[in-house]
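Please work through the exercises below with the sequence and the model side by side, trying each task before turning to its solution.

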Amino acid sequence: MYSIKVDKTLQQFTKIFYQIGIWQNDEEPNYRKIGKKIFYTSFGALLPIFYVTNVFLCDDRNESIFSVQAVIMTTVIYVKSLYLLFKKPEILAFLNDQIVVHSIENREEYERANKKIKKFIGFVRPYFLSISITAALLILIKLPTFSTDKGLPVFISFSWNNSEMVYWLAYLFVSLSVVLYSVVNYITALIWYIMLNYSIEYELLGNKLKNVGGPTELSEKTFNSVPQSNKFVENLIIVVKSHRNMIETVQRFRSCFSTLFMAQIITSGIIICVAVYSLGFASNQNIVQTEMYCCILCYGIFDIFMVMYLANDITDASDRLSYCLFQSNWIEQTESCKKYVLIMGEVLKQPQQLVVLIYPMNLETFMRIIKGAYSMFNILKQFQ
């Protein structure tokens, strides 16, 4: 029996959550836990409020448009921070669930699943590394020793301020907020990883259905003295229970993160639109500023694309289960076994689909978001 442990990169992300106090250890007193949650809840809400203020007070129209985008982005990340603060048990339960860890009997299946996860981690590492590097550059490039315009990180001019003390406090606040929001965004990798493993588990279920009447390492030990038809039914019952548990777990996952998914669906088109506008029409004389806009554009695309792609993958993998069932040697079984197979086939005709409110989470919805972003960009361009 093989199992796949959570990758070291994702384990490091969870350690960071504990180290900075977003997640608390069970040994900590309750008053400290409550105090940390109140602090991060209050402090995290200040950055969107700051950008809202800058929308109305700054003189540059392009900066105002960018600040609107920043309000939307930081609000969504703030929602992620609330999930981290108040949904820790649920996140860890999903992450350490047997469905995500997997219990694989076949060596080839284990290697295929492990290869798929390693390919995913190969994308996650540079993606979140680029976000962290961009955040560090945004803070360093606006250090007073390197900058004379008294601007703030994320290229906020702060032109409506005349006080030196207020400037230093704002600089410290924005710098700390950028670091915090970069760390909070690591929850995205955990969500992606859980969804990826759901699609892998559906593929493993499909392989079990194909071999439901054939010998496996488990069946040889358990059913070696059982008639073939009884063994087929027993194996089918095991797979049916696994399938039912899979449906319940995925629905519980969707219900837990539905608010976050809805926020991403509603706001991602605006983030992509304004990022393209900023790259095309804003003043990009600073290479770091251009890099920031590119990073925001990539973030806006991948933040919604990966969720839709992985949800679509779950639907496709579950949709193949009925085909896998009829690839088994069901035709050689007794009439009663065939009835069980036909009933199961009817159940499997309805694939697992993640739906948030009225929006199915799939690649078609992603394309609608991109088209909506393009339409908004054309409207925004007319005011240039």
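The exercises that follow concern a predicted model, and each task is followed by a worked solution.

**Exercise 1. Describe the chain as a whole: how many helices and strands does the chain have, and what share of the residues is buried?**

Solution. Begin with the secondary structure, where the chain shows 14 helices and two strands. Next, consider the extent of the chain, whose C-alpha atoms fill a box of roughly 85 × 55 × 30 Å along the principal axes. Then turn to burial, for which the count gives 52% of the 384 residues as buried. Finally, look at the contacts between residues at least 6 apart in sequence, of which 80% join residues at least 24 apart.

**Exercise 2. Examine the salt bridges of arginine 125, glutamate 111 and glutamate 164, and state which parts of the chain each of them joins.**

Solution. As background, side chains of opposite charge can pair when their charged atoms come close. The cut-off for a salt bridge is 4 Å between the side-chain nitrogen and the carboxyl oxygen, and the count comes to 12 salt bridges.

- Arginine 125 meets aspartate 7 at 3.5 Å, N to O. This pair links distant parts of the chain, with arginine 125 in helix α6 and aspartate 7 in the segment before α1 (8-19), 118 residues apart. Arginine 125 is partly exposed at 45%, whereas aspartate 7, at 18%, counts as buried.
- Glutamate 111 pairs with arginine 107, with 3.1 Å between the closest N and O atoms. Both residues lie in helix α6, four residues apart, about one turn of the helix.
- Glutamate 164 and lysine 150 meet at 2.3 Å, N to O. Glutamate 164 belongs to helix α7 and lysine 150 to the loop between α6 and α7, so the pair ties together parts that are 14 residues apart in sequence.

Definitions and conventions:
Residues are numbered from 1 along each chain as its sequence is written. This is a predicted model: local features need pLDDT of at least 70, side-chain atom pairs count only at pLDDT 80 or more; totals for chains, interfaces and linings use all residues. Side-chain values use heavy atoms; hydrogens and water are left out. Buried means under 20% relative accessible area, exposed over 50%, partly exposed in between (1.4 Å probe, protein chains only). Contact means heavy atoms within 4.5 Å.
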